[in-house]
Amino acid sequence: MEKMNEFFERRVNGYDEHMLNEVIGCKEAYSEMAELIPQNTKTLLDLGCGTGLELEEIFKKFPHMSVTGIDLTMKMLERLAVKFSDKDIVLICGDYFRTSFEENKFDAAVSFQTMHHFPKENKLELYKRIYSSLENSGVYIECDYMVETQDEEDRCFAENKKFRAEMNIPENEFYHFDTPCTIENQILLFENAGFENVRKVFRMGNTTIIIGQKGK
Ligand SMILES: C[S@@+](CC[C@H](N)C(=O)[O-])C[C@H]1O[C@@H](n2cnc3c(N)ncnc32)[C@H](O)[C@@H]1O
């Protein structure tokens, strides 16, 4: 297992091609995510924005969108910055679990293929903060690797726990290991964070999109 930011640093060359051509459903889901963003959206928070693949589709539809993007890996953000030098975008190189978000600031928030690396407890706290950062009736759209059964989820978390124990990794350090949740558990996490009208809106392979709204 590699440290999270080092894992992505080492793979930044060829990253876009990998996501677009090798991960089933991603290419389609980038376009779908842009379609799901409400027409009146002006401000967007992107958690784990990476090299900006979801933003490429979002900017095609919303060229004047004001975006705040957060990512742990500077080299991924450097790629993104080159692509969008003419856009209204603020980039934060940091950990979204430790970055504070202004309350009632964003019309929408997105994350794409980043949340499946973390335990449910951490995600729940983060989702509550995403909820607070949204304007009333703002939406949070998450595309992620999700699984069908509780057994698959439990197996991934158990393997991760075993590897971390073998490597003596402290609890608060991020290492890259896939721990996808079931679609049902993800929906529950959104609901427990306060989101309403939570539903799965896309699935191709394991690539799944869930959307929730703040208020009605
Ligand atoms: C698979 S990439 C997805 C990037 C982009 N959203 C996309 O779909 O191309 C996952 C990204 O999440 C970032 N990431 C992982 N954990 C993070 C954290 N705790 N805070 C901020 N970014 C994180 C990684 O640095 C990486 O760029």
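Reader: Does Phe106 count as buried or exposed?

Author: Start with the rule: a residue is buried if 20 or more other C-beta atoms lie within 10 Å of its own, exposed if 12 or fewer, and partly exposed in between, with C-beta atoms placed from the backbone. Phe106 has 26 C-beta neighbours inside 10 Å, so Phe106 counts as buried.

Reader: What should I know about the model and its numbering?

Author: This is a predicted model, in which local features need pLDDT of at least 70 and side-chain atom pairs count only at pLDDT 80 or more, while totals for chains, interfaces and linings use all residues. Residues are numbered from 1 along each chain as its sequence is written.

Reader: Where does Phe106 lie, and which residues does Phe106 touch?

Author: Two terms are needed. Helices (H or I, at least four residues) and strands (E, at least two) are DSSP runs, numbered from the N terminus. Two residues are in contact if their C-beta atoms, placed from the backbone, lie within 7 Å. Phe106 lies in strand 4. Setting aside residues up to four places away in sequence, Phe106 touches Thr43, Leu44, Leu45, Ser133, Leu134, Glu135 and Gly138. Take Leu44: 62 residues separate Leu44 from Phe106 in sequence, yet their C-alpha atoms are 5.5 Å apart in space.

Reader: Which residues touch the most other members of the largest nonpolar core?

Author: A nonpolar core is a set of buried Ala, Val, Leu, Ile, Met, Phe, Trp, Tyr and Cys residues joined through C-beta atoms within 7 Å. In soluble globular proteins, nonpolar side chains tend to be buried together. Here the largest such core has 43 residues, and Met33, Leu44, Ala108, Ala109 and Ile141 touch the most other members. Beyond residues up to four places away in sequence, Ile141 touches Met33, Leu36, Ile37, Ala108, Val110, Ile209 and Ile211.

Reader: How do I read a helix, such as helix 6?

Author: Check its length, then its faces. The expected span of a helix is 1.5 Å times one less than its number of residues. Helix 6 (residues 120-133) has 14 residues and reaches 20 Å from its first C-alpha to its last, close to the 20 Å expected. Its buried residues are Lys123, Leu126, Tyr127, Ile130, Tyr131 and Ser133. Seen down the axis, these buried residues fall within an arc of 155 degrees, so they line one face of helix 6; the arc is that of the directions from the helix axis to the C-beta atoms. On the other side, Glu121 and Glu125 are exposed.

Reader: What covers the buried residues of helix 6?

Author: The cover includes strand 1 (43-47), strand 4 (106-112), strand 5 (134-145) and helix 8 (183-192).

Reader: How do Asn136 and Thr208 compare in burial?

Author: Apply the counting rule again. Asn136 is in strand 5 and counts as exposed because it has 9 C-beta neighbours inside 10 Å. Leaving aside neighbours within four places in sequence, Asn136 is in contact with Lys214 and Gly215. Thr208, in strand 7 (residues 207-213), is buried, with 25 other C-beta atoms within 10 Å.

Reader: Which value of phi does Ser137 have?

Author: Phi of Ser137 is near 65 degrees, a positive value in a residue other than glycine. Ser137 is in strand 5 and is partly exposed, with 13 other C-beta atoms within 10 Å. Phi of Asn104 is also positive, near 50 degrees; Asn104 sits in the loop between strand 3 (89-93) and strand 4.

Reader: Which residues come nearest the ligand?

Author: A residue is near a molecule or strand if its C-beta atom, placed from the backbone, lies within 6 Å of it. Of the 23 residues around the ligand, Gly48, Gly50, Thr73, Phe112 and Thr114 come nearest. Helix 1 (4-10), helix 4 (53-61) and strand 2 (66-71) are the elements that give two or more residues to this shell. Helix 1 gives the largest share, three residues.
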